[in-house]
Amino acid sequence: MDWLHKFLFAAFLVAGASTTGARGDAMVTGTVFCDQCKDGQISLFDYPLYGIKVTMACPGSDGQYTTWGEETTNWLGNYAMRVGGTPNLNACYTQVSSNGQGSNACGAAAGPAKQLRLMFNMFNTGMYSVDPLLAQPAQPMSFCQSSSTPAPVIPVSPPPTPLLPPVPRFPPTPFFEASACPHQMWLMPEYQCYWKVVSPDMKVAVTFGLIAGRRYGADMTLRQGMLGRGDPYRTLLREGTTALLNSYNSIQFPYHPIGVIEAMNLALMGSTRHVLHTALNFTRANSGSGNAATCRFTTCK
Ligand SMILES: *[C@@H]1O[C@H](CO)[C@@H](O)[C@H](O)[C@H]1NC(C)=O
């Protein structure tokens with residue numbers, strides 16, 4: 001399974017867990033972005049939109065489209081619709097229908113409707129995804145470049161996912177040396193320059209994804225997560241975030257960034273015992289006991 005399928009599988013498990021007894025149905029998932037520059041594409045400035053209403057329309061036997069469902073996007077810009085029976089939704093579309101709560105400056109105009117695509121079938125449930133939908137403000141934002149120099153465009157065929165960790169632009173200095181630092185070190189002001197790929201104010205939900213967001217809430221930042229202690233889930237978050245930082249900082253760290261995020265999500269979907277084991281494994285790696293590493297931090301200039 002590639003990352004997109006893993007993400008959809010995780011989304012499916014979460015959705016499946018919330019509905020009992022439903023057999024034979026379809027799940028439709030997608031994301032809405034704010035197209036801030038009104039260029040019709042997802043560029044560097046665009047972000048997932050919360051609180052936007054999305055409608056799904058399907059053709060009947062007479063070819064007329066009727067509305068089959070409506071959902072509002074969550075704080076990660078995602079929406080998910082469930083349809084009973086085992087319908088073939090390949091001819092259906094989703095479209096931004098309104099800006100939900102009406103508080104959103106980006107809900108003035110809607111981009112084109114997008115067709116559903118069947119990703120896979122599992123346990124009688126068809127998983128469909130839709131390319132990202134766009135909503136636009138009334139006017140392009142002031143920081144948008146003029147039309148003569150179009151904003152850089154990110155290819156968007158698979159929907160962007162919060163499970164994919166950011167790619168470092170350059171490796172930090174001790175990247176090729178073995179280094180592992182405990183959470184206390186990462187929180188010290190004199191070592192703040194080692195936070196290169198993620199920042200202390202980044203949200204846990206954005207860094208680790210939907211499942212972590214549900215567990216820890218939408219507002220928890222990485223720094224707050226690293227101060228947690230006491231219960232197994234807070235310990236997992238503290239050590240998991242520390243392991244992620246260490247994995248970005250040294251190629252010899254026992255975990256790769258994607259491995260940290262996967263282990264974290266697997267733990268959150270499993271038992272409390274699994275959570276404790278994963279937290280313990282992260283703690284061992286962060287203390288350098290796996291590969292006899294020490295913390296290679298030197299005071300930031
Ligand atoms: C913890 O680490 C051990 C040894 O590397 C491994 O066998 C085990 O699967 C890990 N457990 C979890 C829950 O990650």
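The charged end of R215 sits over the ring of Y233, 3.7 Å from the ring centre. This is a predicted model.

**Helix α8**
- Helix α8 runs over residues 272-286, and its 15 residues reach 21 Å from the first C-alpha to the last, close to the 21 Å expected at 1.5 Å a residue.
- V275, T278, A279, F282, A285 and N286 are the buried residues of α8.
- They cover an arc of only 120° around the axis, so they lie on the same side of α8.
- The cover over these buried residues includes α6 and α7 (257-269).
- Just after α8, G288 has a positive phi of about 80°.

**E239 in helix α6**
- E239 is part of helix α6 (residues 232-249).
- E239 counts as buried because its relative accessibility is 4%, and the cut-off for buried is under 20%.
- Leaving aside residues up to four places away in sequence, E239 touches H183, A279, F282, T283 and N286.

**Aromatic rings**
- The count of aromatic pairs comes to seven.
- One of them joins W186 and F297 edge-to-face, at 4.8 Å centre to centre with 90° between the planes.
- W186 lies in helix α2 (residues 183-186) and F297 in the segment after α8, so this pair ties together parts 111 residues apart in sequence.
- W186 is buried, with a relative accessible area of 0%, and F297 counts as buried at 9%.
- Y191 and F297 form a tilted pair, 5.1 Å centre to centre and 40° between the planes.
- Y191 lies in the loop between α2 and α3 (204-208), so its pair with F297 links parts 106 residues apart in sequence.
- W186, Y191, Y194, W195 and F297 make up one aromatic cluster.

Definitions and conventions
Residues numbered from 1 in each chain as written. Predicted model: local features only at pLDDT ≥ 70, side-chain atom pairs only at ≥ 80, totals over all residues. Heavy atoms only, no water. Helix = DSSP H or I, 4+ residues; strand = E, 2+ residues; numbered from the N terminus. Buried < 20%, exposed > 50% of the residue type's maximum accessible area, 1.4 Å probe, protein only. Contact = heavy atoms within 4.5 Å. Expected span 1.5 Å × (residues − 1). Arc of directions from axis to C-beta. Phe/Tyr/Trp six-rings, centres within 6.5 Å; stacked < 30°, edge-to-face > 60°. Lys NZ or Arg CZ within 6 Å of the ring centre and 35° of its normal.
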